[in-house]
Amino acid sequence: MPLLKIDDKEIQVQSGATVLETAEANGIEIPHYCYHPALEVVGSCRMCLVQVEGMPKLQVSCNTFVGDVHPDRKVDGKYDMVVHTQNDLVVQERKNILEFLLLNHPLDCPVCDQAGECYLQDYSFKFGNAHSRFEENKRVRSNEYLGSQIVINHNRCILCSRCVRFTQEISGTSELFVEARGYNTKVAALEEKPLDNLLAGNVADICPVGALLSTDYIHKNRIWNLKKQSSVCQDCSVGCNVDVFSQTNQIFRLTPRENHDVNGYFMCDIGRYGFHRFEEIERVTQPMIREGDSFVSFEWEEAIQETVDRLKRAGGKVAGVTSPYHTNETNFMLGLMVDGILGNLSQIDGEEINYPSGFRISSDRSPNRNGMNDVCPGNVDDLISDIDEQNIRTIYILDDGVDRDFDEVWKSILSKMDFVVVQTYRMTMLAQSANIILPGLAPFEREGTITNDGGRVQWLRPSLPIKGESRADWEILMMALKALDNNAQIFTDVSQVMKKMGEKIPAYKDVSFFNLGDKGLSLNGIASK
Amino acid sequence: MATIIKSYEPTFWDKLYIPALVKGLMVTIKHFFRRKVTIQYPDEYHIPPEGYRGLHRLNKFPEGRIKCVACEMCSAACPADCIHIIPGPSPWDEGNERYPVRFDIDLLRCIFCGFCEMACPEEAIELTEIYDFSDYTREDLIIDKDGLLEVFELTKDQKYYSRKNDSQEPQK
C-alpha cells in the first residue's frame, strides 16, 4: 500500500485512489467544483490544484492517482507521494482560478437562490481575493428554460459541466451539452429534446453555483430560514433518503440525501415535487361520528368511547385493514387490536423506470408494502372468506388518504358492515362511508419506520407540526386498545412501540432509532456503514 | 487605616449666604439671555440631527421600481427579529428578477439599531428622521410594504419636519 503525505499527515492509501478522495476522507479540505463522486472526472474547473513534489506543475487532485513507486525513487526514503495543499503556490493559484471564475459572474448573491449553500460564495470567501481587477463590461445573457422545471442563469454558470455529465451518465438521456467555444461557451439543451426527464430536478442540486435553478423553489425563500430534517421519501417503495426543508408549517423543497445502499446521491422528480399534493388537501382534524347523512364533530374521549363500545359489542369479531402507506408501528398496533382477521388496502401501481446508472423508480408507488407484510400480514381474499365464515359486521380501516376506485370486492365488504371505523387524514371515498372518523397524520407529519422493497428499515421523521386535533396513528390505536382492555400496555413514544414490535416479530428485533440512524438498517442483519 | 476627614468650617463670608445666592442667580440670568431650547412640540417640531434613526422606509429608483430584492439580509441581521419578508419574482422586465411580495416591519419589536440598513446590499432599507408614529393598536404599528414606500415619498427630500414646521399656522 502506498504511503501518501498530504501536508503533515501520513496516510496509507489503496493503490489507485485519487488525492482528492483521500484528502476528503481524512478531513483535509481541497476546494473543487467539477468533481462529483457520482460522476466521471473531467478536471475542468482547476480549483482542486495541489502541488505534488517532483512534478513540474500543479496537478488537479481529482485526477491524480496514488500508486506504488520504486523504492529508490521514494521521497525521503519512504513516501510514494508528497502533496502540499496549503503552501503559497497553491494558495496563490486558488486566488487566480477564482478570479477567472468570477470574471463574468454577476455577484448577484442577494437575488440568487443558491446564496447560503453556494460553493462559489464559500470558496471566494475562504480562498479568493476581496477585489476584482476586471474593469471591462461583464458578459450578460438572459435566463433560459432548459426544461419545464429547470431554468439556467448563464451569467452565474462556471461551466463545470456537472449537469451535462449527469444527463449523460446518470439519467442516460443526454439532453444537455456544452455549446460553442471560448467566450461564447454555454450549457444548452437540445432544441428537440428539452430537459424533461424524471431526474431533471437533480441538476439543480448538483450545480455548485446558482446557475441551474428549480422553478419550484425559485424566489420562494432563503436557505437559512429553512429547517432541514432528514427523512425518507414516501412516493415509491425504493425509499430514497431525503432532506425536507420546511419553515413553520410549510414545506419548501426536498433534496436527496446520500445513501449508497438505497438511492446514491439522487432522487426522482415524482418524490421531489410530491409534497405539493398535501398542501391543499381538505384535512380531517376532528374526530367525527356519523349522524344520518352528515358527520358531527366530537371530542377525542367520546369518539374513542363510542368506537370501543361498538368493538366490544362485536365481541372480538372485528376485521382490520392495514395500509401500505402507514408506518410499521401503526400497522403493528392494528395487528394487536384485531385477532388475525386482516386485509389490506391495495398498493398504487405506476411505471417501473430503470436508469443506466442503477437508479430505480419502483412500480409499487406505496412506500411500505414490505413492512406491512412483515408486521401485519393479511390479504383481501382471506378477509372476504373470514367475513363470510365468522359473520363479521365491524371493521377498522387504516386509511391512507389515497383516492382509490373501489371495485366490487370492496363494495361488497363495506355493504356487509354495520359499523365502519376509518382512521384517516382526509375525506376519501372510504372515509365518507365510515361511521366514525378518527383523524390521523398526513405523510410529512408521521414518525416511525418504513421498510423499502430491498428489506431496509428506515427512519421516517416528521417535518411538519401536527394539525388541529389530529393525533399520531399509533397513539389513536393505543388509546382504543387501552379502552378495550385496561391491562393494555401504555406507550409514551413511538420508540416503545418499536421495541414491542421487535419482541413480537423476530426480524425487527434490532430495529431502534439508535440502530437505524440516518442510513437505515438492512433486515438481513447487516447494518449499513 | 482609618482616614480622618475634617468637616468644612464655614467662614464669616460663607455665613453671610448672600454671595452664594448671587452666584446661583447668575446661572439663571445667564440662561435667560441664551437661545431657547424648549420647543412647543405639537405646534412646532424638533428637527433631529443627520443620522437620526427613526421610522424605516423602502427606497425606490427614480423610474419607480422598488430597490429591495428581498434578499432577507436585513431580517437575518435584525437582532429583534422584526422584519418579515416574502419574496417573489418581480413584475418588472428590467432590473433584478426578485422583489418583496410582502415586507412587514413590526415597529413595536424594532429597537432602531440600524443594522438593517447596514446589512442591505442594495441600499433599499433606510431609517428616516420620523419619530412621531405612535398609534392606538398593535396591528397598526406593523408597517407593510405600501406604508414603507409611502414613508419614502414623505422623506425623500430629507426635510420632513422643516416642511411640517413651515406649513404650521403661526401661533399667537
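Arg456(A) has Ser522(A) of β25(A) as its bridge partner. The model is predicted. Arg456(A) lies within strand β24 (residues 456-460) of chain A, which is joined to β25(A) by two bridges. These two strands run antiparallel.

The sheet around this pair is open and has three strands, in the order β23-β24-β25 (chain A). Its pairing is antiparallel. At the edges stand β23 (448-451) and β25 (521-522) of chain A. Each edge strand has a single partner, so one of its sides is left without a neighbour in the sheet.

## A second open sheet

Chain A also holds an open sheet of three strands in the order β6-β7-β10, again with antiparallel pairing. The edge strands here are β6 (144-145) and β10 (212-214) of chain A. Each of them pairs on one side only.

β6(A) is joined to strand β7 (residues 150-152) of chain A by two bridges, and the two run antiparallel. Within this pairing, Glu144(A) has Ile152(A) in β7(A) as its bridge partner.

Strand β8 (residues 176-179) and strand β9 (residues 186-189), both of chain A, pair over four bridges. The sense is antiparallel. Val178(A) stands opposite Val187(A) of β9(A).

β8(A) and β9(A) form a hairpin, with six residues between the strands. In the turn, Ala180(A) has a positive phi of about 60 degrees.

## Helix α13 and its contact with α8

Helix α8 (residues 328-337) of chain A packs against α13(A): their axes come within 8 Å and cross at roughly 15 degrees. Angles under 35 degrees count as roughly parallel, and α8(A) and α13(A) are therefore roughly parallel to each other. The crossing is left-handed.

From α8(A), the contact takes Glu329(A), Thr330(A), Met333(A), Leu334(A), Leu336(A) and Met337(A). They meet Asp473(A), Trp474(A), Leu477(A), Met478(A), Ala480(A) and Leu481(A) in α13(A). By class, the contact of α8(A) with α13(A) has nine nonpolar, one polar and two charged residues.

## Helix α13 and its contact with α7

Helix α13 (residues 473-484) of chain A also meets helix α7 (residues 300-314) of chain A. The two axes come within 9 Å and cross at roughly 55 degrees. α7(A) and α13(A) are therefore oblique to each other. α7(A) passes α13(A) in a right-handed crossing.

On the α7(A) side, the contact is made by Ile304(A), Gln305(A), Thr307(A), Val308(A), Leu311(A) and Lys312(A). On the α13(A) side, the residues are Met479(A), Ala480(A), Ala483(A) and Leu484(A). The contact of α7(A) with α13(A) divides into seven nonpolar, two polar and one charged. Ala480(A) takes part in the contact with α7(A) and also in the contact with α8(A).

## The α10-α11 pair

Helix α10 (residues 380-390) and helix α11 (residues 408-416) of chain A pack at an angle of about 35 degrees. Their axes are 11 Å apart. α10(A) passes α11(A) in a left-handed crossing.

Val380(A), Ile384(A) and Ile387(A) of α10(A) make the contact with Val409(A), Ile413(A) and Lys416(A) of α11(A). Five of the residues in the contact of α10(A) with α11(A) are nonpolar, none is polar and one is charged.

## Annotated domains in chain A

UniProt lists "domain: 4Fe-4S His(Cys)3-ligated-type" (unreviewed entry) at residues 89-128 of chain A. Over residues 89-128 of chain A, the chain is 55% helix and 0% strand. The end C-alpha atoms of that stretch are 14 Å apart.

UniProt also places "domain: 4Fe-4S Mo/W bis-MGD-type" (unreviewed entry) at residues 226-282 of chain A. Over residues 226-282 of chain A, the chain is 7% helix and 35% strand. Here the end C-alpha atoms are 25 Å apart.

## Where chain B touches chain A

In the contact between the chains, 13 residues of chain B meet six residues of chain A. On the chain B side, the elements that give two or more residues are α3 (73-77) and β2 (83-89) of chain B. The largest share comes from β2(B), with three residues. The chain B residues on this side divide into seven nonpolar, two polar and four charged.

Notes. Residues numbered from 1 in each chain as written. Chains lettered and ligands numbered in written order. Predicted model: local features only at pLDDT ≥ 70, side-chain atom pairs only at ≥ 80, totals over all residues. UniProt positions renumbered as here; feature names shortened; annotations may be inferred. Contact = placed C-beta atoms within 7 Å. Nonpolar A, V, L, I, M, F, W, Y, C, P; charged D, E, K, R; others polar. Axes fitted to C-alpha atoms, helices over the stretch in contact; angles between N-to-C directions. Parallel < 35°, antiparallel > 145°, perpendicular 65-115°, else oblique. Left-handed = near helix turned anticlockwise from the far one by under 90°. Pairing = 2+ DSSP bridges.
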